[in-house]
Amino acid sequence: MNPFKLAWIYLRIGVMNELQYRVNFFIQLLQTSVALATGLIGLSLVFGQVDKLAGWTRAELLAVMGVHILMGGVIRSAIQPNMERLMNDVLNGTLDFALTKPADAQTLVSVREFRFWQLTDVLVGLVVIGVAVNQLQTGMDALQVLAFIAALIMGAVMLYCVWLMVTSIAFWVIRVSEIVNLFEGLYAAGRWPVSVYPDWLRTGLTFLVPVAFAVTVPAEAMTNRLTGETMLFAFGLTLLFAILARAVWLIGLRSYSGASA
Amino acid sequence: MRRYIDYYLASMRISILQQFQYRVANYFYMIGMIAEPVIYLVVWSTIANQQGGVVGGYTPGAFAAYYIVWTLVRNMNIVFTPYGWEERIREGSLSMDLMRPIHPIHFDIAFFAGWKVVVIVLWLPLAAFLTWVFKPTFDVTWMEAVVFFIAIWGAYLIRTMLLSLLGMITFWTTRVSAIFELYFGLELILSGRLVPMTLMPQWVQNLSTYLPFKWTFFFPIEALVGGMSTQDLWAGVGMQILWIVVGASILSVVWRAAIRQFSAVGG
Amino acid sequence: MSTVVSISQLAKYYQVPEREAGLKASIASLFNRKYKNIKAVDGITFDIGAGEVVGFLGPNGAGKTTTLKMLSGLLHPTSGDVRVLGYEPRHRSHDYLKQITLVMGNRNQLTWDLPALDSFDLQRAVYGIPADQFKRTRDEFIELLELKDLVNKPVRNLSLGERMKMEIVAALLHQPKVLFLDEPTIGLDVTMQRRIRTFVAEYNKRYNATVLLTSHYMADVEALCKRVIVIHHGRILFDGDLSKLVSQFSSYKTLSLSLQNTDVELSKYGEVVGREDGRVTLRVPKAQTSQVTARLLSDLQVDDLTVEDAPVDDVIDQVFSQKEDA
């Protein structure tokens with residue numbers, strides 16, 4: 001079955017399910033607001049001391065924060081729930097249900113969970129981005145917007161691939177839930193543009209956990225920093241990650257099916 | 001009294017044995033946790049370097065020292081989550097706890113205390129690694145080390161009181177997420193976890209002196225790395241003791257009301 | 001024999017908000033909160049003497065667990081008096097708690113990842129048991145239940161039955177004078193149930209402890225209790241010798257038949273209490289069971305036949321309906 005159609009089917013079910021719990025919207029909104037408030041306080045503390053941080057102005061850093069929140073919402077609504085369920089399935093041996101369905105297994109395990117109310121973060125992120133773009137005064141032309149959206153999509157795909165690869169380790173190691181903690185910690189690094197970090201850290205944040213590409217590059221698209229080279233590089237990296245992830249998944253799957261008797 | 005010491009030792013022993021079995025999981029958790037202070041450290045060091053080496057009295061080396069000690073204090077601050085009370089009440093484990101001829105909070109304190117012993121041991125190599133990477137400037141006197149050791153346990157006890165009180169709200173309503181999240185947000189800012197309190201605007205610093213938060217986080221760290229005077233060091237310990245006493249008093253009142261509520265409605 | 005448990009007109013009422021489904025009702029409930037009064041325990045009275053083993057029988061929701069919780073101090077009564085060992089349970093004095101124990105069938109007290117021995121040591125510290133007394137009691141119990149090889153294994157590696165044995169040992173290490181056992185054998189296989197029953201009986205004999213036992217299983221009660229108290233809808237329906245209860249109310253057996261042809265007239269064999277899809281259920285007086293069974297097998301084409309004791313719920317219902325008539 002066509003992966004998009006599959007995703008759409010699961011999305012509808014997930015949304016209908018969660019709409020029952022309207023209170024979750026307010027809880028999520030509150031959590032995000034508290035996180036946003038602390039982020040803004042952090043930002044004002046920084047800009048109480050300096051005018052620019054590693055070459056980024058306050059409005060530009062606000063844009064970075066907005067993208068970070070938005071991407072965080074995408075992760076927590078679409079990527080993380082699926083990966084956590086995958087981990088559980090491998091641990092408990094219930095992955096078989098997914099494997100016996102007439103659809104590509106990777107697609108299935110990647111789209112069947114969706115936490116609707118986490119989209120609140122996407123909304124809040126967009127609002128923050130809007131405020132930041134407004135403050136930037138330079139505005140965004142159509143090409144920039146296109147680049148921004150493309151960068152976001154590529155960033156999300158890269159994060160998904162890395163998540164899938166790490167989760168696939170469960171095929172061999174079984175207990176990977178602690179690694180999720182690491183991931184969440186590392187994603188927090190995306191609050192700031194990658195140029196703030198020392199070189200050695202920057203490499204890790206670009207290739208190991210592509211936070212740099214998920215957050216900084218879209219922010220660069222908005223703030224006139226994006227070069228054609230970076231976009232090309234991002235595209236190449238996305239492709240590389242996608243192929244790697246698919247390979248790791250297939251190998252892991254083979255080992256899983258071989259092991260369960 | 002002897003019986004309580006015996007109980008604490010027995011509970012801590014069990015906790016240590018148990019947590020040692022989970023040392024790998026504990027390690028991963030601690031490693032994931034250092035991301036937060038490292039990010040703060042990097043950002044503030046960048047600012048310091050931009051400003052000619054110092055910001056708010058802290059050099060990058062001083063920031064490194066602050067945030068490395070931060071990692072231990074953060075771990076000492078982890079106590080039974082207020083979200084856990086809902087499960088306790090619902091699952092009935094609270095009923096069984098109430099059958100014991102010892103106040104349930106003693107088990108919480110003892111159990112987590114034992115866990116902290118394991119945490120402290122696991123932390124040492126992590127601290128060594130961070131020191132090697134970030135090159136903090138350390139200038140510690142014996143007095144500071146002693147007060148620090150007292151202060152981290154004081155912080156542990158204060159936070160136990162605070163979060164137990166928070167968790168007990170669950171006895172009256174299960175719609176507690178909003179209150180908890182607000183509390184954690186406030187705590188993040190007012191405790192010294194986000195930045196050293198001395199970098200905050202003056203009015204925030206004044207406010208935080210009257211609240212318990214800074215005594216669970218900022219004070220222990222500063223005791224070790226801040227070059228405080230002997231008078232200030234011991235005055236700080238005094239404040240911690242004050243907050244523990246205040247917390248315990250409020251706790252015993254609220255607890256009695258909570259149990260009355262629980263016994264009326266049943267678990 | 002001194003009185004250990006004394007209950008007089010004990011009652012526990014709950015107020016539960018009542019609301020119908022639908023939007024209109026939701027809005028209405030904002031202004032006019034309607035409450036339903038639930039009478040979990042509705043005025044019960046009994047005394048229990050030292051060393052007695054008493055069974056509480058009754059279907060779900062009858063009030064058994066609520067009564068036990070009031071006796072152990074977890075619930076405050078709405079009205080009435082309750083005294084155990086001279087204490088008022090709801091004050092939950094430490095001296096009181098040291099003399100009683102509450103065991104609930106599916107509750108875990110033991111630390112999951114460590115051997116039971118470690119949990120036993122923790123119990124010693126909790127109850128302040130003197131070291132030599134503790135060792136003696138612990139070793140005595142381990143021997144009685146044959147746990148020597150198991151006490152050093154982490155609790156998570158034990159089977160459900162083995163775990164339950166450990167839980168009971170842990171619950172009795174402080175030599176309580178009064179035992180409140182709430183469904184202690186639930187979920188266990190028959191052999192395990194028997195072991196635990198034997199152990200409780202032995203403890204009762206050696207320490208002259210008073211035991212209150214609630215159970216679904218007639219077998220638990222039959223094995224341990226001379227006296228039963230039947231509770232239904234929060235009221236006592238029967239309080240007396242078990243033998244009298246059994247002979248009075250459990251005088252029937254239930255026959256369950258699978259027949260080729262279910263249209264056959266069966267009333268001459270016994271009372272037909274159920275007929276569906278090829279299965280017929282007959283109620284037959286105990287004394288006539290073998291006779292009727294033989295006749296059925298010779299007269300009819302029987303695919304399958306099972307003989308069962310009247311289920312406890314039926315017995316209770318019978319007791320209840322009898323009280324209503326009287």
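The model is predicted. Chain B has an interface with chain A and an interface with chain C. The buried area is about 2400 Å² between chain A and chain B, and about 2700 Å² between chain B and chain C. Salt bridges number 0 between chain A and chain B, and 3 between chain B and chain C.

**Interface of chain B and chain C**

- On the chain B side, 30 residues are in contact with 29 residues of chain C.
- Carbon and sulfur atoms account for 58% of the roughly 2700 Å² buried here, a total given as "about".
- Within chain B, the residues losing the most area to chain C are Met96(B), Met99(B) and Pro101(B). Together they make up 26% of what the chain B side buries.
- The rule finds 10 residue pairs in polar contact across this interface, both residues being at pLDDT 80 or more.
- Three helices of chain B each supply at least two residues to the side that touches chain C: H1 (2–21), H6 (93–98) and H13 (230–265).
- H1(B) provides the largest share of that side, with 11 residues.
- By class, the chain B side holds 16 nonpolar, 8 polar and 6 charged residues.

- Arg13(B) forms a salt bridge with Asp121(C) through their side chains, at 4.0 Å from N to O.
- The side chain of Arg13(B) also makes a polar contact of 2.9 Å with the side chain of Asp118(C).
- Asp118(C) sits in helix H4 of chain C, which spans residues 116–127.
- Is Asp118(C) buried or exposed? Asp118(C) counts as buried because its relative accessible area is 11%, and the cut-off for buried is under 20%.
- Beyond its neighbours within four places in sequence, Asp118(C) is in contact with Arg13(B), Ile14(B) and Leu17(B).

**Interface of chain A and chain B**

- Here 28 residues of chain A are in contact with 30 residues of chain B.
- Carbon and sulfur atoms give 79% of the buried area.
- Helices H2 (23–47), H9 (177–188) and H10 (199–208) of chain A each supply at least two residues to the side that touches chain B.
- H2(A) gives the most to that side, with 9 residues.
- The chain A side divides into 20 nonpolar, 6 polar and 2 charged residues.

**Nonpolar cores**

- In soluble globular proteins, nonpolar side chains tend to be buried together.
- The largest nonpolar core has 198 residues. Trp192(A), Trp44(B) and Phe180(C) have the most contacts inside this core.
- Helix H3 of chain A, residues 58–92, gives the most to this core, with 15 residues.
- Another core, of 54 residues, lies apart from the largest one. Among its members are Phe120(C), Phe134(C), Val169(C) and Leu188(C).
- Trp44(B) touches Leu45(A), Val46(A) and Gln49(A) in chain A. In chain B, Trp44(B) touches Val55(B), Phe63(B), Tyr67(B), Val195(B) and Leu199(B), leaving out residues up to four places away in sequence.

**Helix H12 of chain B**

- H12(B) covers residues 218–225 and is mostly covered, with 7 of its 8 residues buried.
- The buried residues are Phe218(B), Phe219(B), Pro220(B), Ile221(B), Glu222(B), Ala223(B) and Leu224(B).
- They pack against four helices of chain B: H4 (60–76), H8 (142–168), H11 (213–216) and H13.
- H13 of chain B also supplies residues to the side that touches chain C.
- Just after H12(B), Gly227(B) takes a positive phi of about 65°.

**Chain C overall**

- Chain C contains 11 helices and 13 strands.
- Of its 326 residues, 51% count as buried.
- Among contacts between residues at least 6 apart in the sequence of chain C, 72% join residues at least 24 apart.

Terms used. Residues are numbered from 1 along each chain as its sequence is written. Chains are lettered from A and ligands numbered from 1 in the order in which they are written. This is a predicted model: local features need pLDDT of at least 70, side-chain atom pairs count only at pLDDT 80 or more; totals for chains, interfaces and linings use all residues. Side-chain values use heavy atoms; hydrogens and water are left out. Contact means heavy atoms within 4.5 Å. Buried area is the accessible area (1.4 Å probe) that two parts lose on being put together, summed over both. A polar contact is a pair of N or O atoms within 3.5 Å; within protein, one must be able to donate a hydrogen and the other to accept it, and residues adjacent in sequence count only if both atoms are side-chain atoms. Ala, Val, Leu, Ile, Met, Phe, Trp, Tyr, Cys and Pro count as nonpolar, Asp, Glu, Lys and Arg as charged, and the others, Gly among them, as polar. Buried means under 20% relative accessible area, exposed over 50%, partly exposed in between (1.4 Å probe, protein chains only). A nonpolar core is a set of buried Ala, Val, Leu, Ile, Met, Phe, Trp, Tyr and Cys residues joined through side-chain atoms within 4.5 Å.
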